[in-house]
Amino acid sequence: MHASDVLDCIGPVTWRAANGKCWAALLVLFALLRSLPAAAQSSEAYDLSGLDFFRPPPNLFQFQHEYRTAPGSTRDVTTQTLNLRYDHTFYLTPTWTVVTRTDLPFLARNTINSSNPNGNYLHGIGDADIQAAVIHDLDKRWAVGFGARLIAPTGDDPLGSGKWRTMPIVGFRVALPEISKSSYFEPIFRYDLSVAGDPARRNISNLQFGPALNIGLPDRWFVTFYPSQDIRINFGDPVTGQTGRLFLPLDVRAGKKLSDNVAASLEIGVPIIKDYPVYNFKSQFRLNITW
């Protein structure tokens, strides 16, 4: 699957039905991933769906497609993102773990600005990032962790922020076996802060929070409330349509483990309070492969 095929898949219409090449490429990818061997580690120790920050599998590849609308200067702006993610875990001791992550996003966005007065969809690479996190298991129920992400301004205007950014991360996990074996509560805090880059672009400084509550259901299904750190308090420069600092959405993900090493999920987010308007609507499909 070439880069041009990837960009074709995120054109102006989500999953272009007429683009047979796109569907064929995705079906081939899915077939190959289903053929990967099951993870060698015990499912007692690791969340093989690849969704649990504090119970990471040894390796994860994630195919993620997001559709998002947000206020623009004259109309809503639609952004479609195809993100390719790879995580790798280093098990230092039975209770200490280091997890690395890399993201490569491909974007399609129809922003109206001086270089795109007609609001056509622009395609390209967004801001790529790398991340490392340290996780410590206190016991079978409790775990704590912290880390940091570095985001590089690899995306051209308007696909990127134009800023170098750091993102400290901290959180904890508590298992909820009283509900089910795979249930847990996992609040995570992040702080997105621009530290360098184009001085003409908006400075970024906002607190991000996600109090994830995952409920394991029968037949390998699961539902997660607030799986992403979408609750935001903005301390940086205002965005279009901002009237306050808080963004509070209703954010829910439902998914299923298709096999021991493949899981699929769909997340939907809609605002409850959008004084700081992060989005009007968000949908996100994830296909996780662990090994």
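Two strands pair if DSSP finds at least two bridges between them. Helices (H or I, at least four residues) and strands (E, at least two) are DSSP runs, numbered from the N terminus. This is a predicted model, in which local features need pLDDT of at least 70 and side-chain atom pairs count only at pLDDT 80 or more, while totals for chains, interfaces and linings use all residues. Residues are numbered from 1 along each chain as its sequence is written, and side-chain values use heavy atoms, with hydrogens and water left out. The protein chain has two helices and 14 strands.

**Overall figures**

- Of the 291 residues of the protein chain, 52% are buried, where buried means under 20% relative accessible area, exposed over 50%, and partly exposed in between (1.4 Å probe, protein chains only).
- The chain exposes about 13600 Å², and carbon and sulfur atoms supply 64% of this area; accessible areas come from the Shrake-Rupley method with a 1.4 Å probe, and for residues only the protein chains shown count as cover.
- Contact means heavy atoms within 4.5 Å; among contacts between residues at least 6 apart in sequence, 59% join residues at least 24 apart.

**Strand 1 and its partners**

- Strand 1 (residues 59–70) is largely enclosed by the rest of the structure, because 10 of its 12 residues are buried.
- Strand 1 and strand 2 (residues 77–91) run antiparallel and are joined by 12 bridges, with a hairpin of six residues connecting them.
- Within this pairing, H65 has L82 in strand 2 as its bridge partner.
- Strand 1 is also joined to strand 14 (residues 281–290) by 10 bridges, again antiparallel, and Y67 stands opposite S283 of strand 14.

**Salt bridges**

- The whole structure holds 17 salt bridges, each being a side-chain nitrogen of Lys or Arg within 4 Å of a carboxyl oxygen of Asp or Glu.
- One of them joins R165 and D192, with the closest N and O atoms 2.7 Å apart. This pair links distant parts of the chain, R165 lying in strand 7 and D192 in strand 8, 27 residues apart. Both R165 and D192 are buried.
- K256 and D219 form a salt bridge at 3.5 Å, N to O. K256 is in strand 12 (residues 246–259) and D219 in the loop between strand 9 and strand 10, 37 residues apart.
- In the salt bridge of D230 with K282, the closest N and O atoms are 2.6 Å apart. The two are 52 residues apart, D230 in the loop between strand 10 and strand 11 and K282 in strand 14.
- D230 is buried at 4% relative accessibility, and K282 is buried at 1%.
- A network of salt bridges links D230, R232, R253, E267 and K282.

**N203 and S205**

- N203 sits in the loop between strand 8 (184–197) and strand 9 (205–216) and is partly exposed at 39% relative accessibility.
- Not counting residues up to four places away in sequence, N203 touches K163, S194, G236 and D237.
- The side chains of N203 and K163 make a polar contact of 3.2 Å; such a contact is a pair of N or O atoms within 3.5 Å, where within protein one must be able to donate a hydrogen and the other to accept it, and residues adjacent in sequence count only if both atoms are side-chain atoms.
- N203 and P238 are 35 residues apart in sequence, with their C-alpha atoms 8.9 Å apart.
- S205 belongs to strand 9 and is buried at 13% relative accessibility.
- A polar contact of 2.7 Å joins the side chains of S205 and Y191.
- Beyond its neighbours within four places in sequence, S205 contacts residues including Y191, D192, I233 and F235.

**Backbone features**

- The peptide bond between D157 and P158 is cis, with omega about 5°, and P158 lies in the loop between strand 6 (142–151) and strand 7 (163–175).
- D219 is not a glycine but has a positive phi of about 60°; D219 is exposed, with a relative accessible area of 59%.
- Y226, also other than glycine, has a positive phi near 55°.
- Y226 is in the loop between strand 10 and strand 11 (231–234) and is buried, with a relative accessible area of 17%.

**Nonpolar surface patch**

- L250, L266, I268, V270, I272, I273 and F285 make a nonpolar surface patch of about 540 Å².
- Patches are made of residues with over 30% relative accessible area and no salt bridge, like charges being joined within 9 Å and nonpolar side chains (Val, Leu, Ile, Met, Phe, Trp, Tyr) within 5 Å.
- Strand 13 (residues 262–274) gives the most to this patch, with five residues.
- I268 lies in strand 13 and is partly exposed at 32% relative accessibility.
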